[in-house]
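Dear colleague,

I am passing on the structure we spoke about, with the sequence alongside. Please have a look at it first, and then read the notes below.

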Amino acid sequence: MISFKGIEKTYQLGSQRVEALKKVDGFIIKGSMVALCGPSGSGKSTLLDILGLLDMDYQGEIKMDGEFYPKDPKDPIEAAKLRRHQLGFVFQRFNLVPVMTALENVAYPLVLNGYSSKEQTILATEMLEKVGLGDFIHHRPDNLSGGQQQRVAIARALVHKPSLVIADEPTASLDSQTAETVIDIMKALGKEIGTTFIVATHDYRMAQHCDTCINLLDGTISKEAVSWES
Ligand code: ADP
Ligand code: MG
């Protein structure tokens with residue numbers, strides 16, 4: 001389980017202070033897919049950046065399986081290691097490397113983690129097959145549709161079998177039918193690999209594909225996490 005307590009984040013914009021998160025508490029059950037819901041400006045990306053160890057300048061504590069995460073919460077080197085080994089990221093605009101093929105994009109986390117080139121090819125190909133892109137492994141991003149690009153990004157986020165994937169509005173650039181397919185692929189693969197997903201969305205229809213929802217409003221949790229039957 002991942003738990004976070006008293007998370008506060010203030011941005012300083014010139015002389016103006018923006019309280020993006022105000023003592024936010026919550027928990028995420030391992031292996032589940034949690035929607036982080038709320039309107040634009042409610043603090044979703046801020047909380048995801050903190051949980052994804054992209055922003056370490058905040059107040060409060062995060063624990064994973066009862067231990068501080070990272071063990072030394074302000075150690076940037078440990079955070080970088082955790083990001084590389086334990087975390088995966090999916091973004092609204094896919095963020096694929098345009099000059100790399102789908103296979104090279106997906107293999108990239110394996111390169112960073114020191115896998116042999118043979119392992120890189122085998123694992124990345126396998127993951128692309130799992131997202132239904134076995135016939136597109138040598139395509140570059142601009143030769144793929146938006147939905148296909150996001151499936152490449154999902155394969156890249158999962159190829160090193162991270163324990164947590166952070167997805168910030170992963171369906172916001174897709175039409176609603178493609179969005180549903182993409183979210184269902186994330187959910188199915190998350191369950192298969194045992195990865196926890198936290199997915200920010202301002203679209204409540206997408207949130208209903210998730211196991212539970214954390215609602216944010218103006219930097220606070222608007223009510224207890226609601227459980228949906230799936
Ligand atoms: P969401 O992802 O739900 O749209 P954000 O986490 O991006 O919300 O933003 C929460 C609040 O923090 C908003 O008021 C936003 O304007 C502000 N904010 C976000 N990033 C910054 C930043 N880098 N500098 C100043 N204010 C920011
Ligand atoms: Mg956002």
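Helix H5 has 13 residues, which at 1.5 Å a residue should span 18 Å, and the distance of 19 Å between its end C-alpha atoms agrees with that. Please keep in mind that this is a predicted model. Of the 13 residues of H5, 12 are buried, so the helix is largely enclosed by the rest of the structure; the buried ones include Gln148, Gln149, Gln150, Arg151 and Arg156, as well as Val152 and Ile154. Among the elements that cover these buried residues are strand S6 (87–91), H3, H4, S7, H6 and S8.

Leaving out residues up to four places away in sequence, Leu128 touches Ala102, Leu103, Val106, Leu133, Gly134, Ile137, Val152 and Ala155. In soluble globular proteins, nonpolar side chains tend to be buried together.

Finally, Asn113 sits in the loop between H3 and H4, and this residue counts as buried because its relative accessible area of 18% is under the 20% cut-off. Apart from neighbours within four places in sequence, Asn113 is in contact with Arg84, His85 and His160.

With best wishes

How values were computed
Residues numbered from 1 in each chain as written. Chains lettered and ligands numbered in written order. Predicted model: local features only at pLDDT ≥ 70, side-chain atom pairs only at ≥ 80, totals over all residues. Heavy atoms only, no water. Contact = heavy atoms within 4.5 Å. Helix = DSSP H or I, 4+ residues; strand = E, 2+ residues; numbered from the N terminus. Expected span 1.5 Å × (residues − 1). Buried < 20%, exposed > 50% of the residue type's maximum accessible area, 1.4 Å probe, protein only.
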